[in-house]
Amino acid sequence: MKTVMCILSVLLIALSCSKDGMKESVEADNPEIFLHIPAGFPGLNSSVAENRPTKYGVELGEKLFHEKRFSGNNTISCASCHNPALAFSDGKQQAVGIYERVGLRNTPAVQNMAFMKFYNWDGNILQLEKQPLVPIITHEEMNSSILEVIGKIGTDADYRELFKKAFGDASITADRIYRSITQYEYTLISANSKYDRVIRNEGERFTDMEEIGYATFKNKCASCHGTALFTDQSFRNVGFPMNPNPEEVGRGRVTGRSADQMAFRVPSLRNAAYTAPYGSFGQFPTLRSVLDYFDKGVLEAENLDPILKENGNRIPLTEKEKKAIIAFLETLSDPAFIGK
């Protein structure tokens, strides 16, 4: 009996050592990718620590991001709506998915996700790893299921090899799909615009018009679009034209509170020049149309943002101020980020 127990103990130790060795080997061959936090940016969100990007995790995630077999008819990928050339937006009023079905809202840009606290216009997603399933199962987007996706790519030799490199074995699971796509998205950091280089004293300077725009922006826009992300990540009803779809209630859809009706997440203005049209359902074709609307006066609402209420439901802007603000916003464009 003692001999049997001794043999079992040796086997268990051997198996344990084998697993540890395999884990160390995977980690050595698949190094973690360091996420640089740009000056002034907030810290990484808490989910990143549990899903740190790795060399092959990101490579797999990027491949999956462009995979059209995610959709029911193999025509739509994540990149179909999040085009790298448009700062990972799509240039359309509302998202267009499988069979040209039109979604409820404008496609938000995918940038600096590792620093965000909420995702989607209404903030219904708090952990980015839970986001990829949403478009997969949504009728107007990919109209599929994660089991269908796994079935389609499960026998693909290239995918099996990448999953093995990223996770230690070739098993393709829903969790691994979500984690790898998210790892890729965590690396999409935009912080090398002209604005950034000016702030970092790297030899560039604002033009006179951009300087005026920056001063005007800080005076009239930074209450909502402050911080290095150019969003305070709050939810506000700013009296924009309302989506005619009766299903739209904004943040209220998540919280059920009347105070959150038609309130939306304040979008980042980084790369705004690439991400037209603007608004939760693409109400505004240009940046100028947004500024004109604020100047003329927004829709009244019981929960209208106090900043607007205190100013007669508007943000008064002169012609020169509008041109200057737009000139400044264009300095937030990051050409190096486009096409990543």
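These are my notebook entries on a predicted model of a protein.

**Ground rules.** I number residues from 1 along each chain as its sequence is written, and side-chain values use heavy atoms, with hydrogens and water left out. Because the model is predicted, I take local features only at pLDDT of at least 70 and side-chain atom pairs only at pLDDT 80 or more, while totals for chains, interfaces and linings use all residues.

**Overall.** I looked up the helices and strands, which are DSSP runs (H or I, at least four residues, for helices; E, at least two, for strands) numbered from the N terminus. The protein has 14 helices and two strands. Its C-alpha atoms fill a box of roughly 90 × 50 × 35 Å along the principal axes. I then checked burial, where buried means under 20% relative accessible area, exposed over 50%, and partly exposed in between (1.4 Å probe, protein chains only). Of the 340 residues, 50% count as buried.

I found G151 in helix α5 (residues 146-153). G151 counts as exposed because its relative accessibility is 52%.

**Salt bridges.** I searched for salt bridges (a side-chain nitrogen of Lys or Arg within 4 Å of a carboxyl oxygen of Asp or Glu). The whole structure has 20 of them.

R105 and D122 form one, at 3.0 Å from N to O. Both lie in the loop between α3 and α4, so the pair ties together parts that are 17 residues apart in sequence. R105 is buried at 12% relative accessible area, and D122 is buried at 3%.

D196 and R270 form another, at 2.9 Å. D196 is in helix α8 (residues 194-199) and R270 in the loop between β2 (264-265) and α12 (287-296), 74 residues apart. Both D196 and R270 are buried.

I also noted D305 with R236, at 2.8 Å. D305 sits in the loop between α12 and α13 (306-309), and R236 in strand β1 (residues 235-236), 69 residues apart. D305 and R236 are buried too.

**A pocket.** I looked at the second largest pocket; on a 1 Å grid over the protein atoms alone, a pocket is an open set of points where a 1.4 Å probe fits, with protein on both sides within 12 Å along at least five of seven lines, and lining residues have an atom within 4 Å of a point. The lining has 37 residues, and P108, N120, Q131, V134 and E141 lie nearest the centre of the pocket. Helices α3 (78-81), α4 (133-137) and α7 (174-186) each supply at least two residues of this lining.
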